[in-house]
Amino acid sequence: REMATQASQLSNALVAQANQSAAQGKTPEAQKKFAEAQQKLNEAAAKGHSAQEHQLLLELTQTAQEAKTALAEATAILQQAKQQAQTGKDEKIHADDNAREAQKKDSENRRQQFQEQQKQMANETVKRANDVKQRAEQAVQNATQAATAADTRLQQAKDQLNAKPDDAGLKDNVAREQIRQSHEQKKLARAKDALQQADQKSQLEAKRAEDVRNKTQPALDAQNPATQLADQYADEALKVAGELSQKAEQLAAATNFGNELSPQRNQLASAKQLQKDVTRDVATAGEDVSRAARHERRLNNAAVALPLQNAANDIQQVARNEAANAEQQLKAATGEAEQAEANVAANPQNAAAQPNGQTLEAQQDLVISEKAIAQRADDLTAVLDPLLAAAAAEANPDKGVPDTAAAGETPAGTPSQTEQQQAEQQQAGQQQAGSEVQSAANQSAAAPVTPVTPERAARGQQLARTLDELDRQQAAAATQAAQPGLPQQSSPSRLDTLAQAARSQQAAQAAARIRAQHQAAHALSEGGHESSDAAGDAAQMARFNVSSVNRKEGTEWGKLRNQSAEDLTKGKSEAVSEEYRKSVETYFRVLAERAKKKR
């Protein structure tokens, strides 16, 4: 990143000034080359700034190589620009000596202003370097004090142990203090290294600042003074670019320390377990997408099922190949680390760390796995986004519909046309109890597009759970078929029973809702008087679970008995849908008032 900052400064300072001078000197060829050099320097700066501490070694190596290449190309282009400037500075572009003299003075003034800017920037850089050096010196002092204190504590622990050699607690204390002392000594060594680097940087920046202050200003006596100034800037830029290219070479070589890597066994074991979890999660995601594709096929949505299945196949392939390869490579690296630790334990005299070659291969496989997983995620998003957009458009086909209609509300006591259509479809499905779940789904898909009400959402959940149950039944049947020793069950009959139960429940729910609405409207029309058809009311009440409530309260006057979508064969009490709550509450309010009058 430091190299990137210097490359950016070179582009925005020296090369930019050279470009401007070439333009004033009417040397378009040189101007073009200076612009190209600026572009390459900016590329090198972007590569350098992209380096982060958390990146893998392979990524840092690639970044260093790309920055090195960009700097080399910038240096070559600067050399071409300098050649163009050398040629252009001798061209007579001015009408007379007065015009040339005016450009000379203007160029010299601009050069002087730029030099003052460079002096100021150099002084600021020296100040920052000195601040870093001072902080490094303070860090060394702190680390020295901590190391001295650790030595003192260790000596005290040893003295206590010498007084009581058999005390296990004192032995453990000595061991802890030895570890602490080693830790503090390492911190001190790192602090000293940082101070040495800061001191070198401070000296280097001080020398650069001195060079800027002492830089000579040759006279601009050429026929084209502006292009001559561009040539001088090109000389300085080439010198700085050469230093940056050399630094880039060193950085590229410094990243090649992979053969020195020797991670510990517990670190590799932890990484192996994490990668195992990743592989399992990817496989699970692939199965989920595949199950969704099977559901869409059962609903006769081939246009949706095919891309989902293709995405599922790609995800499962990543789990079988890239992710699994990374897991196996980490396993091999863990085994190599275990063997290395065993060798050190058997031969302590030769305890030098040995490189772990499997770790490098594991690192490369991890990068490949990460990129493959990211690509599959993008592919799945590309498949799902159009489907979600289409679903949103279907749920709201007309933005001009009033909010009450969009919410699925109808006047109390009046069954909606959509509910009548759904009840007719469900009753027709009940008559076809021997058909499969697909036929019911097809009828639902063929119905007119209606707003998503809570009741429709509940039916959608019921259908999804039914499809999941169907998927589990088919998977169980396939498993039994694959194992000859297990007794075979009649899967079609079980599926028919499941479908029949689903359709029967849907028809019963729709009929009960319609009856409740009619009864509430009929009760309201009587103005609270007792109905002549008391036996009929009693027969209808038997279908409801009437709770004892306080008539003064305005809510919870009654509850319907409903079937849970989670278990299609067991009953469970649920609150009435918001779509019918008002009419049902009115119905039970009238019944309660009648009971009060009878008493």
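Mentor: One cut-off before we start: buried means under 20% relative accessible area, exposed means over 50%, and partly exposed lies in between.
Trainee: Fine. Which residue shall we try that on?
Mentor: Take Arg213. Its relative accessible area is 38%, so Arg213 is partly exposed. Keep in mind that this is a predicted model.
Trainee: What does Arg213 form a salt bridge with?
Mentor: With Glu210. The closest N and O atoms are 2.6 Å apart. Glu210 is partly exposed too, at 34%.
Trainee: How far apart are Arg213 and Glu210 in helix α5?
Mentor: Three residues, so about one helical turn separates them.
Trainee: And why would such side chains pair at all?
Mentor: Because opposite charges can pair when the charged atoms come close.
Trainee: How many salt bridges does the structure hold?
Mentor: The count is 27.
Trainee: Which one links distant parts of the chain?
Mentor: Lys133 with Asp199 is one that does. Their closest N and O atoms sit 2.8 Å apart. Lys133 is in helix α4, residues 97-163, and Asp199 is in helix α5, residues 168-213. The two are 66 residues apart.
Trainee: What about Arg280? What is its salt-bridge partner?
Mentor: Asp281. The closest N and O atoms there are 4.0 Å apart. Arg280 is partly exposed at 46%, and Asp281 is partly exposed at 46%.
Trainee: Which residues do shared partners join into one network?
Mentor: Lys82, Lys89, Asp231 and Asp235, through salt bridges that share partners.
Trainee: Let's zoom out. How many helices and strands are in the chain?
Mentor: The chain has 17 helices and two strands.
Trainee: What share of the residues counts as buried?
Mentor: Of 599 residues, 34%. The chain exposes about 34,700 Å². Carbon and sulfur atoms supply 50% of that area.
Trainee: And the contacts? What percentage join residues at least 24 apart?
Mentor: It's 80%, among contacts between residues at least 6 apart in sequence.
Trainee: Now the inside. How many residues are in the largest nonpolar core?
Mentor: There are 34. Leu10, Val15, Phe34, Leu71 and Leu78 touch the most other members. Helices α1, α2, α3 (57-88) and α6 (225-254) each supply at least two residues.
Trainee: Pick Leu71. What does it touch?
Mentor: Leaving out residues up to four places away in sequence, Leu71 touches Met3, Ala7, Leu41, Ala44, Leu244, Ser245 and Ala248.
Trainee: What lies apart from that core?
Mentor: Another core, of 13 residues. Ala293, Leu308, Ala312 and Val318 are among them.
Trainee: I also flagged Thr279. Where is it?
Mentor: In helix α7, residues 265-298.
Trainee: Which backbone oxygen does the Thr279 side chain reach?
Mentor: That of Ala323, at 3.4 Å. Leaving out residues up to four places away, Thr279 touches Ala319, Ala323, Ala324 and Glu327.
Trainee: Next, Glu341. Which helix is it found in?
Mentor: Helix α9, residues 322-346. Glu341 is partly exposed, at 37%.
Trainee: What does Glu341 touch beyond residues up to four places away in sequence?
Mentor: Gln264 and Arg265. Glu341 and Gln264 are 77 residues apart in sequence, yet 8.5 Å apart in space, C-alpha to C-alpha.
Trainee: Last one. Which residue has a positive phi although it is not a glycine?
Mentor: Lys26, with a phi of about 55°.
Trainee: Where is Lys26 found?
Mentor: In the loop between α1 (2-24) and α2 (28-49). Lys26 is exposed, at 61% relative accessible area. The cut-off for exposed is over 50%, so the label follows.
Trainee: Great, thanks.

Conventions:
Residues numbered from 1 in each chain as written. Predicted model: local features only at pLDDT ≥ 70, side-chain atom pairs only at ≥ 80, totals over all residues. Heavy atoms only, no water. Helix = DSSP H or I, 4+ residues; strand = E, 2+ residues; numbered from the N terminus. Buried < 20%, exposed > 50% of the residue type's maximum accessible area, 1.4 Å probe, protein only. Salt bridge = Lys/Arg side-chain N within 4 Å of Asp/Glu carboxyl O. Contact = heavy atoms within 4.5 Å. Areas by Shrake-Rupley, 256 points an atom, 1.4 Å probe, with all protein chains shown as cover. Core = buried A, V, L, I, M, F, W, Y, C linked by side-chain atoms within 4.5 Å. Polar contact = N/O pair within 3.5 Å; in protein donor to acceptor, adjacent residues only side chain to side chain.
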